[in-house]
Amino acid sequence: MEIITSGKLTKVKSRHEPGVSKQTGFTSPATHYLEPTIDLNQELVVNRDATFFVRIDGNAFKEYNILDRDVLIIDRSLSRNFDDLALIIQEGEFKIQRIPFGFSEEGEFIVWGIITYIIHSAR
Amino acid sequence: MIALVDCNSFYACCEQVFRPDLLGKPVVVLSNNDGCVIAANKEAKALTDIPMFEPVFKIKDQLLAHKVNFFSSNYTLYGEMSQRVMNILGTFSPNVEVYSIDEAFADLSGMKKASLNKYGHEIKDTIFKNTGLPVGVGIAPTKGLAKLANKMAKKIVENNHVFVIDSEEKRIEALRWCKIGDVWGIGRKHAERLKNIGVFNAFQFTETPLQWVRKEMTVVGERTWRELKGELCNEFVTQPPPKKGIGTAKSFGIKLPDLERIEEACAYYISEVSEVLRAQKSCATYLQVFVITNYHSNVDEQYSNSRTVTLEIPTNDTFKLISAARKALVEIYKPGYRYKKLGVNLTGIIPQDYVQGNLFHQPSKLNHPKLIETFDAINRKFGKATISSGLVGTRLHEWELIKKERSPRYTTQWGELLSINSK
């Protein structure tokens, strides 16, 4: 048999945390079912070393659902795919734009990183 | 094979990652108190009349004339970006020796020679893509040669920041190319002496008889000589040895004439160094304190002095150290001068478990381990100097360093994130 593709095994996100009951009376029935609390860093950040947080000042990117004071999570390590929302550098300035079809880095702008999440305060 | 990966003009490039308007422009970074230029990118270096380590006030006109962009040093940012680079490098090699803030050796043994160049480019491209920081990669059989390969990677344009020394011809080529003064481990003095006996490049150095090298340049020189010949002498050090001396010396934001505020600064610096001492689980035997006036000033009277004290029992207790430092400070302080800088140094450092008591003092009775532990825990959780000795005072902002041009701490402070202005 021929192996056509090979890839790295993806890490299984650990959702197990062994613990002992801290209750003085009846032992907690949850003892063997404990899991760590949801951690946004774990959920929203895949590659910590390539991830940056950026604050938006103003409403110019409204068309992308990005509003004033929003925080963007940006992963620089991701490959640039068509229609990805990206922070780009054009003429020495930061802008936000979708990646056009057939985009190459030699084009008219440089991709700084791919926007993965938009954090918006509801208050 | 061993790779030496280092960041190009690291401090300046860290600034440029978040400032695309400065790409391709001259950028310099100033020392802690904005006193002198400590780093410059290649555009700034190209303006050859800007000397490094020169006091800023002497070259300010030059900097302004060339429209050089300058930043106060932002070590919080540089340290964090460095960690990212090192982590990424760790995905390419199981064995990484972090040599300095911007350079590391990576063990590539077991890799096929034919694929090393490609791997070097992969390392370079990944670090650049993920962090925005440009690096150079030199790959060779020894650390000494890897350093040399790294130089060739950067200095020779065709190499495109990656160079592999994987054959005898390439090794000789590299050695002939490298000036003796640029060899890793050969200082200026030795370089001068070697030039006097007709050794001008690294190749000629390896042709020098080993006896001469051993006699004139000790075992360090011999190791350099052997490494350049391709013999592995400098092993990987992944666990740095505990520091033999821990110190800090910083200039004040303003010149301080009064003892009281200098004492506060002293207590603050002691808190900083004793924290490091405890982090590496060691104690100090000697404590040195020194003060200096501004020697660049031609108006002020000049004075400097230092005092070293032997501690009763080696300690890492902030309070013990502060009181010892105060005594030393009072001895050397002279009124009537305007002090610019204070320094503290801890030496005679031993593991805390080896501290011996003497006839009069038992180490356990002298320290307040629980209190100090709590101290450290609070500061770890809530930030530097959340809690400190009362002797530090509350006037930190008055004598603290000037960091007028410091960039935001983009990666560590929620309130200082990179901000995109959309007009």
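Modeller: Let's start with two helices of chain B: Phe10(B), Tyr11(B), Cys14(B), Glu15(B) and Val17(B) in helix 1 meet Tyr75(B), Leu77(B), Tyr78(B), Met81(B) and Ser82(B) in helix 4. Contact here means heavy atoms within 4.5 Å, and helices (H or I, at least four residues) and strands (E, at least two) are DSSP runs numbered from the N terminus. Bear in mind that this is a predicted model, where local features need pLDDT of at least 70, side-chain atom pairs count only at pLDDT 80 or more, and totals for chains, interfaces and linings use all residues. Residues are numbered from 1 along each chain as its sequence is written, chains are lettered from A and ligands numbered from 1 in the order in which they are written, and side-chain values use heavy atoms, with hydrogens and water left out.

Biologist: How is helix 1 of chain B turned relative to helix 4 of chain B?

Modeller: Their axes, lines fitted to C-alpha atoms over the stretch in contact, are compared by N-to-C direction on a scale from 0 to 180 degrees. The two pack at about 95°, with axes 10 Å apart. Angles under 35 degrees count as roughly parallel, over 145 as roughly antiparallel, 65 to 115 as roughly perpendicular and the rest as oblique. So helix 1 of chain B is, relative to helix 4 of chain B, roughly perpendicular.

Biologist: Which residues of chain B does Trp112(A) contact?

Modeller: Leave aside the neighbours within four places in sequence. Within chain A, the partners of Trp112(A) include Phe52(A), Ile74(A) and Leu87(A). From chain B come Val17(B) and Phe18(B).

Biologist: Which strands stand at the edges of the six-stranded sheet?

Modeller: The sheet is open, with mixed pairing and the order 4(A)-3(A)-5(A)-2(A)-1(A)-14(B); two strands pair if DSSP finds at least two bridges between them. Each edge strand has a single partner, so one side of each is left without a neighbour in the sheet. Those edges are strand 4 (93-98) of chain A and strand 14 (418-421) of chain B.

Biologist: What is the bridge partner of Arg55(A) in strand 14 of chain B?

Modeller: Strand 1 (residues 51-57) of chain A runs parallel to strand 14 of chain B, joined by four bridges. The partner of Arg55(A) is Ser419(B).

Biologist: Is Thr318(B) buried or exposed?

Modeller: Thr318(B) sits in helix 12 (residues 318-332) of chain B. Beyond its neighbours within four places in sequence, Thr318(B) contacts Ile270(B), Ser271(B), Ser274(B), Arg278(B) and Ile372(B). At 3% relative accessibility, Thr318(B) counts as buried.

Biologist: What is the relative accessible area of Ser167(B)?

Modeller: Ser167(B) lies in the loop between strand 8 (162-164) and helix 7 (168-177) of chain B. Ser167(B) counts as partly exposed, and its relative accessible area is 25%.

Note on methods: Buried < 20%, exposed > 50% of the residue type's maximum accessible area, 1.4 Å probe, protein only.
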